[in-house]
Amino acid sequence: MSAEAAAVGLGRVVATRAVGLWLGPRRRDQEGRSELSELIRVRVPGLRAQRGLARQFEQIADAVAERLEPLLAHEFRGLTASGRRSALDAVTDTFVRADLSDGAIIGADADPAALARRIRRAVPVPPGLDEPAAALFELLFAECCDCYVRVLKRLPVYTERAVTELLARTTSLSAELSVVLGRLPVRSLYSPQGEGQDEAFRREYLEYVSRCLDEVELFSFAAERVARTRLSVAYVSLRASGDGQQASRILRAGEDGAQDRQVEAVLKDTSRVLLRGEAGSGKTTLLHWLAVTAARNAFEGALSDWNGLMPVLVKLRRYAGRDLPRPETMLDQTAGALTGHMPAAWVDRQLRAGRVLLLVDGVDELAAEERGAVRTWLRGLLHAYPENRVVVTSRPAAARGDWLRPEGFRPVQLDRMRPADLVTFVRRWHEAVLEPGADLPHYERSLLASLQDRPHLQSLASTPLLAALLCALHLNRRGRLPRDRMELYRIALEILLERRDSERSVPSAERVRLSLADKLRLLQDLAWRLSDNGRNEIASDRAAEHVRHALEGMRHLAGVDAESVLEHLVARSGVLRSPAEGRVDFLHRTFQEYLAAADAAAQDHIGNLVGRAHLDVWYETVVMTAGHANRPQRVELMEGILGRAAAEPRHARRLRLLAAACLGTMDAVPEEVRAPLDGTLHALVPPRRRAEASSLAMVGAPLLRRLPPSLDGLSDAAARALVRTAAMVGGGDALDLMERWAGDERAPVQWQLSSEWEYFDPDEYARRVLRRVRLEQVRLSMTHPTQWEALLSLPEARRVAVKYPFTRGLGATEELGELNLLWVPQLRGDGDLSPLAGHPGLTNVSIWGDVPLEDLRPVRELADLRYLQLQEWPTFPSLDGLPGLSQLNGLGVGVLAEDTHLSSLAARPTLEFLVVQGRGKPRGFAHLGALGKLTLLELAGFDLTEWLPSIRSAPARLKTLTLSGCVLPNDLGGLGVFGRLRVTCYNCRTADGRLPDRDSVPEGVRIRFR
């Protein structure tokens, strides 16, 4: 059922009950279940009078429907159709059964909230509604009550009855007035005009964000109408890696501690994230997707707890050279059209309530000297409003991983696209631009085949930006593809600036006569001026001045109006745009850097670049200048950078990495600098640790020729980092190296090789590399369904982790060989554990499901089990069904029912790790003191307000306590029984929604809130 139809149906229910009250003098008449037309026909004589009255009440029904429709259209979008239908049926049934007589209305003082409470006490919520459906029921029912009371207040018969009742209650009039006055919106420092309009503005704002940010620009040169599409259609989830994950992830990831996951799962782990990614990696697109999904209450899976948050997007580039926004001005960028009627201090109230999802985009787009102000601004906000979620984005060079660590931010790195991600992106891109009659499926298949046959293209399309350009060029050029990044940008600009209009004979393109060279000259000059001043955006009048200055040097364009030229470039080039009234910027910062680099080479700004080479904001410009430069300029650039590296130890490694990255854009390396560059690469290879792999991989394919054919003589850490580097570069040469390195039998190297197969074709990597790896000792992690068939060709695999949503069911594991480790963190639609019996040698089982778990007997039969995690199941059977194995070292269970007693856990004295998820107040927690070997304990979802103050005994060896989503007492003195302890609290609050008193933490206990 559509939102409109559902709203109309509820509107008729409300109007029908109002008719019953108006026309029915007795309560039984008022509670009749007749249709609206029948009530009017019985009580009103005369056909014309009946028709007129029916029309009036139909208009009332439509007015109610108009108010309800936005709720149905934009709230709880993630709810299933059956759940939404159940909630609507429940509202209708409750409203029909409720006492809505005049006596009930007057008894509730005509207060919709009081009426709703009165009805809910008499008519309970219908059984069978899950949590989202119940929440939708409550929201719709409250709105229906509000509409009903508003309608009744305007009916004459109600006024007569209310006056009669009021005269009968004059003895308690003063008390009643006190109650009514007490219900008026309270004016305070934080709500100077009350909060009566907060909910209405919230709905309007969320609808606006949902509509305005749900678009993404696709690079498509064939027609303007496919330049944009819905973000919800084109969004592709990427993978990310981070550090500092919460303690239970030690068990969750297995003993190797792998941390690469879908970005949504990584974001879930903390309320403050510094999201770092290279140019075009999808940072801004991800923030827009988070904002739109939050506005629609449509988060699912890992981020389902984020539903109900209020998205606030702040683009830092708009504040270059300006003060950062105060709370009352934070909505100006994304919802400026609404802020004129925003209730006073509304944003402040949302922040104080901890309901805001603050999305701060583009630290790197500010000049280096302005970035410190961002940190100060964030620190001030978080001191004042500590309970909100914050995601900040930046390029890695502009913000180190620890840049916001003092403020409690966890660094997260967006990884390059894997082949499986690229396949998904290509398909989504072609779906988004699909038009009737187009042969796009043919081009999609052709491009996927090219990516399969030419591995260097996979390394070229390593980010969403480059992948979109590749898709667009492949479609526009009928299958012809560029050989490298520089050619990709060059062809894209040529099409955007020249062929895009000329091929379509756009009339406006004829009004300003500019050749391709003219347009490039003007755009290069503007790009350099912006970059030279550390800006990504400029006022239109200033941009026109720059264009006028450039035109003065172009004699064949003498007399051409600069404003007209700028307007033409903004309207027709596809490279410049106007993000706001009176402002101009480039479509993507990468284009600005490419064009600024071209201008640097044309105007011989090499010395200028050498002097700025250590600055992160100039990294990409310097690298692409090496591609644009002529031979003497390349010599000057490379000698200048390497000379500075030798003379400035502080910047030496950064400058050497920059010089090495220039190899990826130069089509020919001058003889004078070949030896110094070889020496530089020799100093950089191998990387010393995993953290250096991503920066070294940016050198690209030229790096692979300089990597050793053998890992002999390298430390374990260096060997692993080298494998990681080659995998991130990707391509056929990288696969050749992986095949040779597979002969290294060291366990860390074997593990690293097994974990990198997502960067390559699954079948080829399995055949050439994994068959040479000792699969009985390493864990194979699958991140995409295409790897499953390749896994079946590896019967030696003993340790398997399925990291993507697994819908095949555990029965599919019967196709595998004998397993001793099985990790399935996203089992979908299957609660049958019986297939585990087919692998009696299992020692480590970790499975998270989304349906009720009912039978634990298959687990009891695993005699060798050491680690067992059955977490996040909607319902969990009795703990008595758990295996009684004395050798169990790690256990995770949940979600437990509220009446579950934990005493049976004490019968496992060998436990070292324990994770328990439950609801309500715990029972039997005192028995956990008997776990003498327990070193790590995590509790999730419990109300600990009574247990923590009263605890008398604790496991003697416990060193780490993690609390997730728990309700805590304000006084944390009870933690003193643990002695020296490290406590981490994720999304924990006291009963009144605040953080506990830090001053109550006992000495020796280190605690942090995230």
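This is a predicted model: local features need pLDDT of at least 70, side-chain atom pairs count only at pLDDT 80 or more; totals for chains, interfaces and linings use all residues.

Residues are numbered from 1 along each chain as its sequence is written, and side-chain values use heavy atoms, with hydrogens and water left out.

The secondary structure of the protein chain comes to 41 helices and 25 strands, where helices (H or I, at least four residues) and strands (E, at least two) are DSSP runs numbered from the N terminus. Of its 1010 residues, 56% count as buried, buried meaning under 20% relative accessible area, with exposed over 50% and partly exposed in between, for a 1.4 Å probe and protein chains only. If we take contacts (heavy atoms within 4.5 Å) with a separation of 6 or more, 61% of them in the protein chain come from residues 24 or more positions apart.

Let me turn to helix packing. The axes of α7 (residues 112–122) and α8 (residues 131–152) come within 9 Å and cross at roughly 125 degrees; such axes are lines fitted to C-alpha atoms, for helices over the stretch in contact, with angles from 0 to 180 degrees between N-to-C directions. The two helices are therefore oblique to each other, given that under 35 degrees counts as roughly parallel, over 145 as roughly antiparallel, 65 to 115 as roughly perpendicular and the rest as oblique. Among the residues that meet there are Leu115 and Ile119 in α7, and Phe137 and Phe141 in α8.

Helix α31 (residues 652–661) is mostly covered, seven of its ten residues being buried, including Leu655, Leu657 and Leu658. What covers these buried residues includes α29 (619–628), α30 (631–647), α32 (671–684) and α33 (693–697).

Now the rings, of which the structure holds 15 aromatic pairs: rings of Phe, Tyr and Trp (its six-membered ring) pair if their centres lie within 6.5 Å, and planes under 30 degrees apart count as stacked, over 60 as edge-to-face and the rest as tilted. Phe201 and Tyr205 form a stacked pair, at 6.4 Å centre to centre with 10 degrees between the planes. Ring pairs link Phe201, Tyr205 and Trp346 into a cluster.

Next comes Arg317, in the loop between β6 (310–315) and α16 (332–335). Is this arginine, Arg317, buried or exposed? Arg317 is buried, with a relative accessible area of 15%. Its side chain makes polar contacts with the side chains of Glu365 (3.3 Å) and Asp585 (3.1 Å), a polar contact being a pair of N or O atoms within 3.5 Å; within protein, one must be able to donate a hydrogen and the other to accept it, and residues adjacent in sequence count only if both atoms are side-chain atoms.

Finally, Val292 is found in helix α15 (residues 283–295) and counts as buried at 4% relative accessibility. Leaving aside neighbours within four places in sequence, Val292 is in contact with Val209, Ser210, Leu213 and Asp214.
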